[in-house]
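This briefing covers the interface between two chains. Please look at the structure first; the notes follow.

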Protein chains: 2
Amino acid sequence: MDPAVRDGWLERAHASLVAAGLRLGAARTGVVEVLARDGQCLIEAREIIDRLRERGGPGSAASVYRVLDELRGLGLVRRDADPDGGGRYEIVFAAAHHHHFVDVESGSIESFIDEGLEAAIQEAGRRLGVRLTGHSVELRGTRTRPQSAQERP
Amino acid sequence: MDPAVRDGWLERAHASLVAAGLRLGAARTGVVEVLARDGQCLIEAREIIDRLRERGGPGSAASVYRVLDELRGLGLVRRDADPDGGGRYEIVFAAAHHHHFVDVESGSIESFIDEGLEAAIQEAGRRLGVRLTGHSVELRGTRTRPQSAQERP
DNA sequence: ATTCTTGCAAACTGTTTGCAAGCTC
DNA sequence: GAGCTTGCAAACAGTTTGCAAGAAT
């Protein structure tokens, strides 16, 4: 979790919500706060609901989905689905741009950035003759140097 | 639709199914045939069901999902979900490797291949210190000029 | 005071599963 | 003939929506 990203996005989110004439209700505020902390890389809807419940505060499933939709409409959040269809969300913030590596043995996801890859994507877009507005890359594989012995099944 | 890919994958699929001791029932055969023709680039489960119904032949929703699961287990098919969660499937076949460009205005998906991008992906994997077993790229944007034939593999 | 927000419960969609009848080997 | 396959219908999970009560401005 990057505190600078959290605060930067939080500020922008607040401004966008106010500008859109939306009120700072309890559920909406809660979802935004959870996303700022835990939504810098993909987070599942279910997880957001659980975090809010743990806090004891408000945030029903219905409200969470409603707020996520609003945030998506404001361009504050991006949605994609994990392979089995469940929704996953990620904040949209230039300073938080990254891609994903999925360890096929453990299923864990980690984020990375790679300048060479970014350049190649822009090139590919140019060759295709399109104007790019976004892109996403998922690499799958195994770590060549296992982090610990107990990760091997 | 690439006939060489269709026939090559069809042959491999047949061999794999027989090797796995599965019988060539009507529904299973139908799903495999639809995939060979229309599953070279992402196709939705719903669409497979519809094609089978159009043919008048067998292939209930239950059977389609069951067969897709089997094919996935055999490594013959890859599954990912479209942004709203619905399942999309694509045959797995070296000669059919490609990536996706989504026109954000029309929502249409087209496939492309780009050697520079492939190279950059291998480089990124090496820099990350992982062994890659697969990858996927999605570009989003708008067309700036009409599509030429060579951009559609 | 007015209008927006929230939670509940019910509706919906896409996917999975139990079971009896039919088909493949 | 034995056992896998299939279709139907019911079960299921995640997400969406209608509505009445509660909050923000």
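Strand β6 (residues 130-143) of chain A pairs with β6(B) in the antiparallel sense, over 13 bridges; two strands pair if DSSP finds at least two bridges between them. Helices (H or I, at least four residues) and strands (E, at least two) are DSSP runs, numbered from the N terminus. Within this pairing, B:G141 in β6(B) is the bridge partner of A:L132.

This is a predicted model, in which local features need pLDDT of at least 70, side-chain atom pairs count only at pLDDT 80 or more, and totals for chains, interfaces and linings use all residues. Residues are numbered from 1 along each chain as its sequence is written, chains are lettered from A and ligands numbered from 1 in the order written, and side-chain values use heavy atoms, with hydrogens and water left out.

**Extent**
- Contact (heavy atoms within 4.5 Å) links 37 residues of chain B with 36 residues of chain A.
- The buried area is about 3100 Å², 53% of it from carbon and sulfur atoms; buried area is the accessible area (1.4 Å probe) that two parts lose on being put together, summed over both.
- On the chain B side, B:L128, B:L139 and B:R140 lose the most area to chain A, together 19% of what that side buries.

**Salt bridges**
- Two salt bridges are counted between chain B and chain A, each a side-chain nitrogen of Lys or Arg within 4 Å of a carboxyl oxygen of Asp or Glu.
- B:D114 forms a salt bridge with A:R127, the closest N and O atoms being 2.9 Å apart.

**Elements of chain B**
- β2 (77-81), α5 (115-128) and β6 (130-143) of chain B each give two or more residues to the side that touches chain A.
- The largest share of that side, 14 residues, comes from β6(B).
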